[in-house]
Each structure stands twice: as C-alpha cells, then as structure tokens.
Amino acid sequence: MRMRCVRPLLAVLALAGLAACSGTPTPGSTVSATQAPSSSAPSSSKTAAPSASAATGDGNAELSITLLETPESAPQSFTLVCTNGAPAAESKHPSAAEACTSLKNSPTLLSPPPARTDQACTMQYGGPATAKVTGSVDGKEVSASFNRTDGCQIGLWDAAKSVLGSDGGL
C-alpha cells in the first residue's frame, strides 16, 4: 500500500479507538469508579463500561468528598447534601445545585461495579488529581475513588466532575 493511503487509514482507526474508550457517559447511564487506594498510588485496574439502563433517582444524597488536585496541594473537603435533587443548606460544595441534579439524573454515578479486565483504555495521562467520595445516594452506601491515570479513568472523572467539584485541573 502507498503511504498516502496508509496514513489516513491509521488516523481513522486511531480516532475510532479513542472514541470507543474515552467518551463521556450519557445522563442516566451507570458509570463506575475504580476502588483505588486512598493514597496517591494510582490503580491499574480497568473499570466496567457504562450501562444505559439506569433510571432517575429520588435525588437524596449525603456525601463527603475529598479532592486532591496535586500531591503537593492541600486536600479540599466538600459536603454535599441533596434533598429531592436540590442542595440543602448544610451543603459546602462549589457547585451543589449541579451536583445534586447529576445525582438525581444518574443515582448510580458513584456506585462502582466490579472492575473489568477486558476493556481497552487509552494510555493517556489526565493529571495527578484524585478524589474520594463516601456517604449515601438514595439510601444506598457509596464509597468511590477517582483518578485520571488513563482514558477510561478520565471518562469516569468527567462523568462525575460536578459531584467531585473539579474538572481534574487540566
């Protein structure tokens, strides 16, 4: 094959691969977060693909979010309390209304299913930011960790960024 034909073909294949792994889940879809240790060591496990079967929830949540933008920065802590999809007065969160709406539209946003081993993830680095979320959403316990160590993790972070209180810093 000539180089004129090979280069466009390679470009199309590369874009198709990126689109398959790094897309942002649609509202109402189920996403997962890796269960990375709370230390700064990144997790090497891969996560399950989003599922389109999740329904909207009641919009009730009580969450504690710890965000670490860089290893050198001080951790930021947020409290998010939602009632019927609206932030309660005790919420101390930078975008509480948006976060409560996200949780009402996708109540399983922070519920990690078992990690998959057959998912290909782009080997891109989205930055050192990490986040840990604990509490409950619609009466179900939540404990999820987020990082930006590869394309799959970046996609999960982007889906939950309103709840995390950060776009990851990059």
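Visitor: Is C100 buried or exposed?
Guide: In this predicted model, C100 has a relative accessibility of 0%. Buried means under 20% relative accessible area, exposed over 50% and partly exposed in between (1.4 Å probe, protein chains only). C100 therefore counts as buried.

Visitor: What kind of model is this?
Guide: Residues are numbered from 1 along each chain as its sequence is written, and side-chain values use heavy atoms, with hydrogens and water left out. Local features need pLDDT of at least 70, side-chain atom pairs count only at pLDDT 80 or more, and totals for chains, interfaces and linings use all residues, for this is a predicted model.

Visitor: Which residue is joined to C100 by a disulfide?
Guide: A disulfide here is a pair of cysteine sulfur atoms within 2.5 Å. The S to S distance for C100 is 2.0 Å, and its partner is C82.

Visitor: How many residues apart in sequence are the parts that C82 and C100 tie together?
Guide: C82 lies in strand β2 and C100 in helix α2 (residues 96–105). Helices (H or I, at least four residues) and strands (E, at least two) are DSSP runs, numbered from the N terminus. So the tied parts are apart by 18 residues.

Visitor: What is the angle about the S-S bond in the link of C121 and C152?
Guide: Both of these cysteines, C121 and C152, are buried. Their link is left-handed, with an angle of -100°.
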